[in-house]
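Please look through the model below before reading my comments. They are meant for someone new to reading structures.

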Amino acid sequence: MDVELLEIREHMGRFSPFDGLSEELLDEMVNQVEVAYFKADSVILEAGGKIGDLHYIRSGAVEIRRRNGDLYNRLGEGDIFGHFSLLRHHPVRFPARAIEDTLIYFIPKFIFLNLCEADEDFADFVELGRPRLESAVEKQQKSNNLMTTRVRKLLSRRPLLVEADMTVQQIAQRMSEEYVSAALVITPVEGGEPSFVHETRSWQLQGIITDLDLRNRVLAQGLPAATLVGDVVSPRLITIQSDESVHEAMLCMLRCNIHHLPVLNRRQPVGVLYLSDIIRYETNTSLYLVSNIFNQTDVRGLAALVPDVRNAFAHMVKEGANSMMVGSAMSTIGRSFTRRLLELAEEELGPPPVPYCFMALGSMARNEQSLVTDQDNALILDDRFDPTEHDAYFAALAKRVSEGLDACGYTLCKGDVMATNTRWRQPLRVWKQYFSDWIEDPTPERLLHSSIFFDLDSVHGEEAFAEQLQDLVAAKASQHPLFLAAMARNALNRKPPLGFFRTFVMEKDGKHNDIINLKRRGTAPLVELIRVHALACGSRAQNSFDRLDDIAKTQLLPEGSGERIRYAFEFLSMVRIRHQVIDIEQQQTPDNNIEPGNVSDSERHHLKDAFQVLSNAQKFLKFRYPIPTTRSR
């Protein structure tokens with residue numbers, strides 16, 4: 001193969017769908033490629049004309065229009081066009097014009113059809129009209145075992161079932177004989193609907209008893225060996241279905257800080273998943289990390305775990321976790337730090353004078369936290385809160401948590417959105433009034449607050465307080481078109497870094513030049529526009545992917561638009577996360593900035609696709625939520 005063909009082969013082999021072809025198919029194709037040059041503003045394909053080749057853009061930019069003249073798409077290096085007409089043996093439906101000097105590779109129709117016949121992924125790509133971005137994201141997810149492996153695969157034996165009227169000594173003997181560290185406690189059901197059938201009788205699952213329970217609830221309490229296990233078993237039973245993913249099981253154990261998880265097939269117990277099962281399967285250090293957090297007795301011990309957080313983050317990314325898995329795990333770790341700091345503060349300050357809910361905001365509330373994050377939090381207090389009597393306690397509590405989080409790598413919020421701020425340490429009734437005022441009479445300041453506080457979740461204390469605020473937002477926001485229109489326009493403030501010809505518009509902020517801040521220009525604007533649609537449809541979900549699921553049940557977005565946003569969000573999030581892992585490995589402070597010149601051609605192209613999705617979604621946002629002619633109250 002001569003040098004020119006090698007250069008063509010190397011270039012095409014970097015872009016989808018050619019990057020998945022075998023060496024033989026790639027060689028066969030490249031030997032048939034012809035090249036043509038088009039000056040800017042020249043016609044490449046005319047509507048209704050014949051087409052005999054697949055068109056591949058080697059360099060330059062091409063504009064594709066509909067037959068009525070409306071713009072359909074702008075394409076650049078590595079993009080293909082003409083495949084729809086070739087597959088359907090139709091004349092050109094979408095005319096193409098070079099909008100700058102352009103070099104095109106022509107792949108003859110018979111070669112193109114041979115590739116469709118020989119390679120299923122190639123055929124899927126061109127026949128489904130699958131965007132390259134979607135293909136890239138799905139290819140990444142296919143390599144992720146955590147998401148696809150079911151919990152049942154990790155079960156190696158049936159669970160030990162023991163009756164609630166057995167003594168703890170009998171249970172300990174059975175556990176010792178069976179070589180297990182946990183048993184499921186069951187009680188017979190007389191009449192009514194049985195939970196499950198075991199040895200011809202009807203039973204229901206009452207709880208789980210573990211080695212640790214026998215030590216803490218029996219021996220440490222000085223209870224006799226004749227104590228019935230039903231009297232000491234925890235009433236709080238957390239289970240998982242056998243067809244859930246290992247990832248779900250891992251998150252469940254992370255959130256609840258448990259080492260044994262009963263597994264059910266519908267209501268029938270089929271096993272117990274042990275922490276060691278997941279560790280053996282995935283060797284993921286996040287579980288150990290959360291366990292270590294709750295074992296620490298002071299802030300110094302918690303701060304010493306910061307390197308472990310970075311290691312767990314890098315480990316997950318290298319193991320193929322997607323952005324949702326990484327975000328959930330990192331948020332769980334952040335919540336665990338917060339919860340442990342609150343426990344330590346309560347031990348020092350004494351029990352709280354009135355119930356409270358420590359509320360996470362922003363990325364932690366959305367379960368989308370990464371390694372680069374500050375703290376956004378607030379306190380919801382019981383309505384019996386009396387500032388004169390009680391505020392000194394909660395001010396001290398908030399101070400200990402904020403300073404502790406700062407020591408653990410969660411920097412103080414520059415905007416002072418923390419529970420240490422008196423304004424964000426209020427009774428539930430005041431919070432409800434805040435939220436109602438922000439929705440009913442949106443001002444620039446209130447819109448800013450809405451974009452921060454409407455991603456909220458309970459971390460510790462009275463979960464019902466946070467749930468009441470979530471309910472208020474879900475019920476009220478969708479009824480106020482002016483608020484939605486104002487939020488939509490607020491979400492347009494941060495534009496994607498794309499120029500007219502799909503070139504990157506670099507940032508130059510004095511500290512960093514020729515970079516793109518992926519959070520400021522990519523993920524954050526996507527989070528904001530997704531939130532607006534979620535508010536409009538009354539979604540109570542906090543996570544952006546969950547919100548997209550709720551949005552998909554409505555007619556708010558054009559067909560296919562939600563999926564494109566999902567893929568763009570996933571891709572930008574993963575590029576940002578992987579970039580932070582590289583920073584860690586190079587012993588640099590991780591940030592959100594990338595230099596396009598340092599990423600691969602293929603990834604640079606996918607970035608443009610993702611930013612284009614964001615740009616299109618932002619244009620639609622303004623159209624979808626027009627400013628009403630009269631104010632709605």
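Predicted model: local features only at pLDDT ≥ 70, side-chain atom pairs only at ≥ 80, totals over all residues.

1. Residues are numbered from 1 along each chain as its sequence is written, and side-chain values use heavy atoms, with hydrogens and water left out.

2. The largest nonpolar core has 65 residues. A nonpolar core here is a set of buried Ala, Val, Leu, Ile, Met, Phe, Trp, Tyr and Cys residues joined through side-chain atoms within 4.5 Å; buried means under 20% relative accessible area, exposed over 50%, and partly exposed in between, with a 1.4 Å probe and protein chains only. W431, F435, F453 and L607 touch the most other members. Helix 22 (residues 518-536) gives the largest share of this core, nine residues. Helices (H or I, at least four residues) and strands (E, at least two) are DSSP runs numbered from the N terminus.

3. Another core, of 64 residues, lies apart from the largest one and includes V317, A360, C408 and I577. In soluble globular proteins, nonpolar side chains tend to be buried together.

4. What does F435 touch beyond its neighbours within four places in sequence? Its contacts (heavy atoms within 4.5 Å) are F453, F454, L456, L469, L472 and V473.

5. Strand 8 (residues 102-108) has six of its seven residues buried. Strand 8 pairs with strand 1 (residues 34-38) in the antiparallel sense over five bridges; two strands pair if DSSP finds at least two bridges between them. Y105 of strand 8 is the bridge partner of V35. Strand 3 (residues 53-59) also runs antiparallel to strand 8, joined by six bridges, and S59 stands opposite L103.

6. A three-stranded open sheet has the order 13-14-15, with mixed pairing. Strand 13 (240-241) and strand 15 (268-274) each have a single partner strand, so one side of each is left without a neighbour in the sheet. Strand 14 (residues 260-265) and strand 15 run antiparallel and are joined by six bridges, with P262 opposite V272.

7. V299 lies in helix 13 (residues 299-303). V299 counts as partly exposed because its relative accessibility is 32%. Not counting residues up to four places away in sequence, V299 touches L341, G404 and A407. V299 and E403 are 104 residues apart in sequence, and their C-alpha atoms are 9.1 Å apart in space.
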